Amino acid sequence: MKVTVFGSGYVGLVTGACLAEVGNKVMCVDVDPAKIDLLNGGGVPIYEPGLTEMVKRNREAGRLKFTTDAKTGVDFGQIQFIAVGTPPDEDGSADLQYVLAVAQSIAEHMNDFKIVVDKSTVPVGTGGKVAARIRETLAKRGADIEFDVVSNPEFLKEGAAIGDFMKPDRIVIGTENPRSIEAMHELYGPFNRNHERLLFMDIRSAELTKYAANSMLATKISFMNELSNIAEVLGADIEKVRIGIGSDPRIGFQFIYPGCGYGGSCFPKDVQALEKTALGVGYEPQLLHAVEAVNNRQKELVFSKISDYFDGQLEGKTIALWGLAFKPNTDDMRAASSRTLMEALWEAGARVQAFDPVAHEEAQRLYGQRDDLAICAHADEALEGADVLAVVTEWIEFRSPDFAEIREKLKFPAIFDGRNIYDPKVVNNAGLVHYSIGRRPSQPA
Ligand SMILES: NC(=O)c1ccc[n+]([C@@H]2O[C@H](COP(=O)([O-])OP(=O)(O)OC[C@H]3O[C@@H](n4cnc5c(N)ncnc54)[C@H](O)[C@@H]3O)[C@@H](O)[C@H]2O)c1
């Protein structure tokens, strides 16, 4: 099939590459000329395991093309995906300007039937707004051309995006138009061989399903974080509690890790946007407010612990920081807990020596050159001359460090483990105090 994808970010590029991988011809459109130049030159603007090779393979096979020209994109595919950003507006609701700009471009250039598939995460009712924008723009042109707007929310996880797209748990499609149902069946057939994964529903339910999924996952995390703070005050160990509840199959082990808060481009903005949608229709979403509030407080926790350790005297201190990305296997730092921590440390007069296996360039792009930030090439380098170590991203390579070496390099014997990745006893055996989430600090014998 011939497919156009508007937006070549984490979702658009993975969608384009995976659709090309199974034999479709795909045209990716982005308004960012630097991104398109990089892609046309064989580069990939984001870190996502397996993506560079997949883009290269399909580009060389002539199945995957990139352009900044909207008209070229609209002319190309009968199916037109919208995969542009929906960042939070000033009040927290989803900003639809990019989605509607794409709808407008499609309507300005289309000459035959198009299926416009919204893959961006958008509030309930956006399908109607996209259709209205297309209708109005066509009317201005005096053009009478058929189209259908479909909702197809994306559930991929950054860091495992290709696997998620190629072998999805489910493919949610919001449309009641038989022509679009048939086209979506055909397009997703290669990803649907093992068993039926396509779930057809009305467009509003499809739009809400995406927010429901992310809000449910965010709720699990905030619930566990709330409980971890209670456990710590009570002198219980949240890791024991986690195993105690996770073994109940009704609860399960997934997404109940206590930590220093969720970040990324999705959970924070999607919980907020759903809150705004609910308020907009006169419903007070008490649980969603709490999920967000608990998370915001949790993101400040590592800073509070470090500040307490130094009795609030952080001026002139140097903190080694392991992890900048909001989670492992990505370079995405949107709403990352590392940012809350670094910004609070700077505010208090401390310096940060940070290391991340892939997000160093993103950190440099975000913060530029500043005296109170050194982005290091190795984890060890971040420890040189540092007072204490904080770990906020659970990268696999941080899991089993040489604690004796850490003890030797740090001026004060303390590790602040924001993801509970270390065994307190092992840390203590090296003479280090282990500060973690949801349990009291563990001291060397
Ligand atoms: N990142 C994720 O893990 C993830 C997962 C599921 C859903 N989503 C949703 O998917 C959407 C996209 O997210 P993302 O992380 O890929 O965003 P992103 O910021 O990485 O990419 C968006 C891209 O759209 C481009 N763009 C903006 N306006 C455009 C236009 N008019 N025409 C063409 N391109 C345009 C931007 O230049 C950018 O490259 C969001 O709604 C997000 O909530 C994201």
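## A tour from the ligand to the aromatic rings

Helices here are DSSP runs (H or I, at least four residues), numbered from the N terminus. The model is predicted, so local features need pLDDT of at least 70, side-chain atom pairs count only at pLDDT 80 or more, and totals for chains, interfaces and linings use all residues. Residues are numbered from 1 along each chain as its sequence is written, and side-chain values use heavy atoms, with hydrogens and water left out.

**Stop 1**

Now select Glu 158. An N or O atom of its side chain is 2.7 Å from a nitrogen atom of the ligand. Go on to Lys 269: a polar side-chain atom lies 2.6 Å from a ligand oxygen atom. The protein covers 88% of the 830 Å² of accessible area that the ligand has on its own (Shrake-Rupley method, 1.4 Å probe).

**Stop 2: Phe 255 and Phe 267**

The structure holds 15 aromatic pairs. Rings of Phe, Tyr and Trp (its six-membered ring) pair if their centres lie within 6.5 Å; planes under 30 degrees apart are stacked, over 60 edge-to-face, and the rest tilted. Select Phe 255 and Phe 267. Their ring centres are 6.2 Å apart and their planes are at 55°, so this pair is tilted. Phe 255 sits in the loop between α10 (238-246) and α11 (267-280), and Phe 267 in helix α11, 12 residues apart. Is Phe 267 buried or exposed? At 14% relative accessibility, Phe 267 counts as buried (under 20%; exposed is over 50%, partly exposed in between; 1.4 Å probe, protein chains only). Phe 255, at 29%, is partly exposed.

**Stop 3: Trp 346 and Tyr 367**

Here the centres are 5.0 Å apart and the planes are at 80°, so Trp 346 and Tyr 367 are edge-to-face. Trp 346 is in helix α14 (residues 337-347) and Tyr 367 in helix α15 (residues 360-367). Trp 346 is buried, at 9% relative accessibility.

**Last stop: a cluster**

Select Tyr 309, Phe 310, Phe 412, Phe 416 and Tyr 435: they form one aromatic cluster.

Terms used: A polar contact is a pair of N or O atoms within 3.5 Å; within protein, one must be able to donate a hydrogen and the other to accept it, and residues adjacent in sequence count only if both atoms are side-chain atoms. Helices (H or I, at least four residues) and strands (E, at least two) are DSSP runs, numbered from the N terminus.
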